[in-house]
Amino acid sequence: MVNKCELKTVLTIAGSDSSGGAGIQADLKTMLASGVYGMSAITALTAQNTTGVTAVARTAPDFLAAQLDSVFTDIFPDAIKTGMVFDSELIAVITAKLKAYHAKNIVVDPVMVATSGARLLNEDAISALKEQLLPLATVITPNLMEAEVLTGMEIKSHKDMILAAQKLYETYGCNVLCKGGHRLQDADDLLYTADGPLWLKGEHIDNPNTHGTGCTLSSAIASNLAKAQELTTAIKNAKAYITGALQAGLNLGSGAGPLHHGWNLHTV
């Protein structure tokens, strides 16, 4: 007799990265490493590698809806992560389905531009993202550039981060993880909740291979929320996972390479 195994389940709604470093590929690898069962609904196909994005093919809205129905009606996700949502029509589909199925533990990574500089969210979709998707989120995970776009503020200091995160929290009613990064010369992130601001210290890793870090972090947070971890704990554990993936020093490709998503599973 085969012993039955049950895992918590997480759905990623995002674009595909043909080089495997970001998008749904990074999400699914992260979910596996986090000990959950990953599923996906693809919003767009991208032709990309470590040097950049060369082409994008958008998923038809009705096909995205069919993917979401297929997942929710059979293996209901314990958490959801959204990444590249591309345009307002796809955002409308995602929002409608999340509401219809009463989805919970929603992590929104407001992906706008790839590490290489390629635009991954249409300009006309920003208002749809803000008005429709952000209010459904348990937590959103903007980097500094994304936080600037969402708030209309310029962020040059830690004080600016607090003001921006507070504005997002008060405007959209969701928890906010504002990611620091290279601009402020540290790896400290700011979590803003009903309890106010909380700095989450991070270890700066001298590694230029950071392709897919945002996708990976948001997927790790979603995985931890699926396992019923409290939000702050889920984020701290996700940051620790990212630190390990960077420390592993994977070096692939001729541009900004991917992380080692399986660093905690085996040694290269």
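Ser16 is found in strand E1 (residues 9-17), where strands (E, at least two residues) and helices (H or I, at least four residues) are DSSP runs numbered from the N terminus. Residues up to four places away in sequence being left out, Ser16 touches Ile24, Gln25, Ile42, Ala44, Leu45, Thr46 and Gln48, contact being defined as heavy atoms within 4.5 Å. The relative accessible area of Ser16 is 11%, and the residue is therefore buried; buried denotes under 20% relative accessible area, exposed over 50%, and partly exposed the range in between (1.4 Å probe, protein chains only). The model is a predicted one, in which local features need pLDDT of at least 70 and side-chain atom pairs count only at pLDDT 80 or more, whereas totals for chains, interfaces and linings use all residues. Residues are numbered from 1 along each chain as its sequence is written, and side-chain values use heavy atoms, with hydrogens and water left out.

Helix H1 comprises residues 23-33 and includes Thr30. The buried residues of this helix are Gly23, Ile24, Ala26, Asp27, Thr30, Met31 and Ala33. Elements covering them include E1, strand E2 (37-49), strand E4 (79-82), helix H7 (213-226) and H8. In an α-helix there are 3.6 residues a turn, so residues three or four places apart point the same way. Thr30 has a relative accessibility of 0% and thus counts as buried. Apart from neighbours within four places in sequence, Thr30 is in contact with Thr216, Ser219, Ala220, Tyr241 and His261. Just after H1, Gly35 adopts a positive phi of about 80°.

Helix H2 (residues 61-72) packs against H3 at an angle of about 25°, and the two axes are 9 Å apart. Here axes are lines fitted to C-alpha atoms, for helices over the stretch in contact, and angles run from 0 to 180 degrees between N-to-C directions. H2 and H3 are therefore roughly parallel to each other, on a scale in which angles under 35 degrees count as roughly parallel, over 145 as roughly antiparallel, 65 to 115 as roughly perpendicular and the rest as oblique. The crossing of the two helices is right-handed, a term applied if the near helix is turned clockwise from the far one by less than a right angle, with left-handed used if it is turned anticlockwise. On the H2 side the contact is made by Pro61, Leu64, Ala65, Leu68, Asp69 and Phe72, and on the H3 side by Glu89, Leu90, Val93, Ile94, Lys97 and Leu98. Classified by residue type, the contact of H2 with H3 contains nine nonpolar, no polar and three charged residues. In this scheme Ala, Val, Leu, Ile, Met, Phe, Trp, Tyr, Cys and Pro are nonpolar, Asp, Glu, Lys and Arg are charged, and the others, Gly among them, are polar.

Seven salt bridges were counted, each requiring a side-chain nitrogen of Lys or Arg within 4 Å of a carboxyl oxygen of Asp or Glu. One of them joins the side chains of Glu89 and Arg58, at an N to O distance of 2.7 Å. Glu89 lies in helix H3 (residues 88-100) and Arg58 in strand E3 (residues 52-58), so this pair ties together parts that are 31 residues apart in sequence. Glu89, with 48% relative accessibility, counts as partly exposed, and Arg58, with 32%, is likewise partly exposed.

A further salt bridge is formed by Lys156 and Glu154, with the closest N and O atoms 3.4 Å apart. Lys156 is exposed at a relative accessible area of 57%, and Glu154 is exposed at 52%. The side chains of Lys239 and Asp189 also meet in a salt bridge (2.9 Å, N to O). This pair links distant parts of the chain, with Lys239 in helix H8 (residues 231-247) and Asp189 in strand E8 (residues 189-193), 50 residues apart. Lys239 and Asp189 are both buried. Salt bridges with shared partners join Arg58, Asp87 and Glu89 into one network.

Helix H8 also holds Ala240 and Ala245. Ala240 is partly exposed, with a relative accessible area of 45%, whereas Ala245 is buried at 1%. Ala240 and Glu203, 37 residues apart in sequence, are 8.9 Å apart in space from C-alpha to C-alpha. Residues up to four places away in sequence not being counted, Ala245 touches Leu259, His260 and Trp263.
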